[in-house]
Each structure stands twice: as C-alpha cells, then as structure tokens.
Amino acid sequence: MSESTPTSSKKQIILNAFVMNTPGHLAPGLWKHPRNKTDQYKSLSFWTELAQLLDKAGFHAMFIADTLGAYDVYKGPGNVVPALASGAQFPVNDPLYLVPAMSAVTKNLIFGVTASVTYEKPYALARRLSTVDHLSEGRVAWNIVTSYLDSAARNNGLDEQIPHDERYARAEEYLEVLYKLWEGSFRDDAVLADRQLGTYIASDAVREIDHKGKYFSVPGPHFCEPSPQRTPFLFQAGVSEAGGQFGGKHGEAIFIGGQTPESTRLTVDNVRNVAKEQGRDPKHIKVIVGINVIVAATDEDAKAKREEYLQYADDEGALALFGGWTGIDLSGYSDDEDFRFSDSPRVQSIVRRWSATVPGTDSLPWTKRRIVEYISVGGLQAKIVGSPTTVADELEKWVEISDVDGFNLAHIVNPGTFEDIIEFLLPELRRRGLFREGIEKEGATAREVFIGSKRLPEDHPGSKYKWRSGETIPQYQTTEN
C-alpha cells in the first residue's frame, strides 16, 4: 500500500482539525507541555494563527467541540475539582465567537461549530448562526447536539436531563422550526437594496412561519436576511439509535467514533442505510471518524514522542473525562483492579468493548493506569502512532475497510500536533493521491466544499420548506400538538 501512486479513482480524504475552546480538550494536563500553548485559548491570535496554518495546509475544516457543563462525576457527584488542575474541558469558552475572526484571516477553511438544541430557543439560535454564516461568507457548519451532561441540565434550570429519546423528539421539531426560518421566511429575491427606490426588502417577500408545535411556538419571520447557505452545513454526532436515525435524516457530515475499521464499517453502513430510508442520496452524507495521530520521521521517533507526552498527563483529569463521558465514577475502585472482570456491569461492558476492539490489548488487564494512559493521548478516539508511511497506511486502510470519507484529527499539543501532521503526513497522503493538492474553488461555502452544493439539496428534508417560485402562502406541515 505504501508504494501506491496517485490515481483519480481513489477517494480523497477529508481532514478536519478537531479542537475545543479550552486548555485541555483530549489531553488532560498537556497544557503545561513546553510546546503547547492551549493555555492561551482566550487570545484571538491563538485561534487566528491556528486557522491560518490549517488554511494554508489545505485542511478542509476546523471542527470545534463544545460542552455546556463540567465533568463532575469522578469523586462526585457535583465535584469539579479533579478537572481543574489539568484543564480537562474546564473552563470552556463559547466556540461561535471565534469564527468571524478566524474567517476574516483565511480564505477556504470551513468552521464547524457545536451548539445544543436542548437549552437554547430555536429563534435565537437561527439568528446567531445566520449572522455567522454572513460574516464567514458561508464557511460555517453547525454540529447539532442535544447535550448529555447532568451538570448542563442543572445549570440550565432543570432538575435532571430531559430523557434521551425525548431530546431527539424535541430536536426534530427544533430543526423543523429552523428550516422554516432559514428556507421559507424570505423569498430568494427579497433583498433589493435599491437606493433609488429607497427599498431594502420587497414588501411581499417576507412572511411569518406561524409554527405551533408540541414543544415550540414561533410565529416568525426570521430576523436575518438570507445568508450565503441559508441553512448552515449540518454536522451531527449522535451515536445512539435515536441519534443515528436523526443524523441519517438531517446530517450532511456525520462525526462517529470507532476503534477499528471493521467495527466502524457497521456504523457507516447504518448511517447510509438510514439516509436511503429517508429518501436521501447517500453521497450527500460524509462520514467522518475521530482519530488521534502522533506522527514523526520514524516509528521510533513517534513512539518516543508519545512517551514524552505521557510524562505530562494528569491522572485526575483523565479520570474526570472518563466519568463525564461514561457516567462512571472510578474513584471507589483499587488501582490494580482489572475492569474486564469488574463486578460493575457498566464498567465491565465498556472496558471489554475496548479490550475487544483496540488492537493488541485483548489479553492485557485494563486497570485505572491503562485507562488513564489511553485517555491522556486523544481521549476515547482510535490512535495511530508512527512514521508518515505507517500512519498513511493505517488511514488508507480505514478508508478502504470502513468506507469513511475522512477524519477528525485531534491534537495532543497545540502548537505541535497539527504542525507534525502538515510536515510529515500530508506530503505522503498527497503522494498517494489521497489528499487534495490545491483548492478547487477559492472561497467556497461549507456545503460546496463537502458535497458540491451551495443550498440544501432537494433530497434533504429541510428543502421542503423552501419558498418556491410563485408561492405566496406557506405550505408547511406543522407538527401537531
């Protein structure tokens, strides 16, 4: 595979930089590494310099994760202390405010921003995303999440989380409201901006959406004129059955996890099958898997780099992340217990799944130490450590076996990880014809970059809310009470 030459028949890989507006995203404690500057996450220059680096290198997008509550399960409940010293996704600033500044200093990089549908009203979020779609000239994507932390629910006025499947039922109606606002509230020729006539918007070109549903009542109209994409390009990252159904229906790029390409193929096939069932063209959905890459000139150098990183890892921070992601508090277990044989069914299930899917670990004990070590360099994501040839071989294998379209590449140190990928990995991927050499269309919108269309394609469920030529009365299928 390493001797392959570029051919036009190969699927070119989408590469996104996976980041978060926090000191410690998926590498708790690594903020203090001498190469790292994530403690400067509060500075716009930190972000604009990163955006320019990725833009120049040809990365497709910067995918910005978010969370709305602290990871307070470990040594908890409600205990945020284990996350503090390591900066383990605490504190976290709002990601959306970064996008206008970064888009102003780049030409082609897309910005995927996470925002929850559970705690913000649809009318307000529609306005915020339209504003950023305008300011970025259409280079914004929205990662739709329903939120999953108890701490987020409590801090947003709820005693407990809304039940899982109900969160997705609300999300369905939420998207319906947004499509009506974005696609159906303004006619395409609404904005005249005619100085001689003194008319900015035609009087017959804006209408109310008059939405009355089970969860939301929104008369409209949308308060922003149509942005370049109208509906921002839609990312989605749900992994449950309800999340998978939601993503296959609405998502245009689906972010998934997986430890091996063989097991990941099942998830990819399910996403594409749901899309078909919804009447969508599966080619209009890009499936992106999260992977952490540590690359250097040789395999030995890359392994040494990983060992160096582990010297800066924070055990408490890693266990805080594990508690937040799984809901399991490991503080009551001994340090040498093998969790494959735990008396807790939930812990046993998680660790046995790792043991069965992470290459080379099926016979090794999964103690707290192994969990900490695994999480400290890239979280729960799959890991690839090696030379450009080793890493490229693995990525190519993932594409061939799992049929994913690309990768969200997380960082361990920033600066550092992305610079290594640019220096060592991208030239090898380009040599194989697996990564784009240049930009096909300068300044393309997010949707154009990913699926070749500026507006929602006609097979997308949001398209039925478009204001059609000659239509004067909304023909919405409003959700009933």
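Author: Buried means under 20% relative accessible area, exposed means over 50%, and partly exposed lies in between (1.4 Å probe, protein chains only). This is a predicted model, in which local features need pLDDT of at least 70 and side-chain atom pairs count only at pLDDT 80 or more, while totals for chains, interfaces and linings use all residues. Residues are numbered from 1 along each chain as its sequence is written, and side-chain values use heavy atoms, with hydrogens and water left out.

Reader: How many salt bridges does the structure hold?
Author: A salt bridge is a side-chain nitrogen of Lys or Arg within 4 Å of a carboxyl oxygen of Asp or Glu. By that rule, the count of salt bridges is 32.

Reader: How many residues apart in sequence are the parts that Lys11 and Asp403 tie together?
Author: The closest N and O atoms of this salt bridge are 3.0 Å apart. Helices (H or I, at least four residues) and strands (E, at least two) are DSSP runs, numbered from the N terminus. Lys11 lies in the segment before strand S1 (14-20) and Asp403 in the loop between helix H13 (388-402) and strand S13 (406-410), so the separation of the parts joined is 392 residues.

Reader: Is Asp188, which meets Arg455 in a salt bridge, buried or exposed?
Author: The N to O distance of the pair is 3.5 Å. Arg455 is partly exposed at 22%. Asp188 has a relative accessible area of 58%, so Asp188 is exposed.

Reader: What is the relative accessible area of Glu428, the salt-bridge partner of Arg432?
Author: Their closest N and O atoms are 2.7 Å apart. Both belong to a network of salt bridges that includes Lys10 and Asp393. Arg432 is buried at 0%; Glu428 is buried too, at 11%.
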